[in-house]
Amino acid sequence: MNRTYASILALTLSAFSAGSAFAGDASAPKTREQVKAELAEAIRTGDISYGESGQKLNELFPHQYPAKPVVQGKTREQVKAELAEAVRSGQPPAHSGS
């Protein structure tokens with residue numbers, strides 16, 4: 001384990017153990033095992049911010065981490081069906097704000 005990786009790991013562990021700021025939903029606190037599992041997954045996938053740039057390790061060094069799965073978009077027919085349903089129910093379509 002090189003020195004930089006060890007430093008990143010130590011900082012990440014201290015950040016997760018510092019408090020519940022990363023807990024997300026305060027009404028459902030996570031167990032220690034859940035947090036450890038999430039940290040292990042983040043380390044494995046490089047989904048951890050590095051340095052002041054805020055870039056994640058998997059963005060800085062993509063060749064060292066597994067590729068993220070590609071999320072399929074909606075088909076034209078699905079979008080048309082959603083719009084037709086929104087018009088029928090009186091719901092305005094969502095505005096993307098370009």
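A residue is called buried when its relative accessible area is under 20%, exposed when it is over 50%, and partly exposed in between (1.4 Å probe, protein chains only). By this scale E82, at 42% relative accessibility, counts as partly exposed. The model is a predicted one, in which local features need pLDDT of at least 70 and side-chain atom pairs count only at pLDDT 80 or more, while totals for chains, interfaces and linings use all residues. Residues are numbered from 1 along each chain as its sequence is written, and side-chain values use heavy atoms, with hydrogens and water left out.

With a salt bridge taken as a side-chain nitrogen of Lys or Arg within 4 Å of a carboxyl oxygen of Asp or Glu, the count comes to 5. Among them is the pair K74 and E82, with N and O 2.8 Å apart; K74 is exposed, at a relative accessible area of 54%. D47 and K56 also meet at 2.8 Å, N to O, and both are partly exposed, D47 at 34% and K56 at 27%. K30 pairs with E38, the closest N and O atoms being 2.9 Å apart; K30 is partly exposed at 34%, as is E38 at 36%.

In α2, the residues L39, A42, I43 and T45 are buried. The helix is followed by G46, whose phi is positive, near 75°.

Technical notes:
Helix = DSSP H or I, 4+ residues; strand = E, 2+ residues; numbered from the N terminus.
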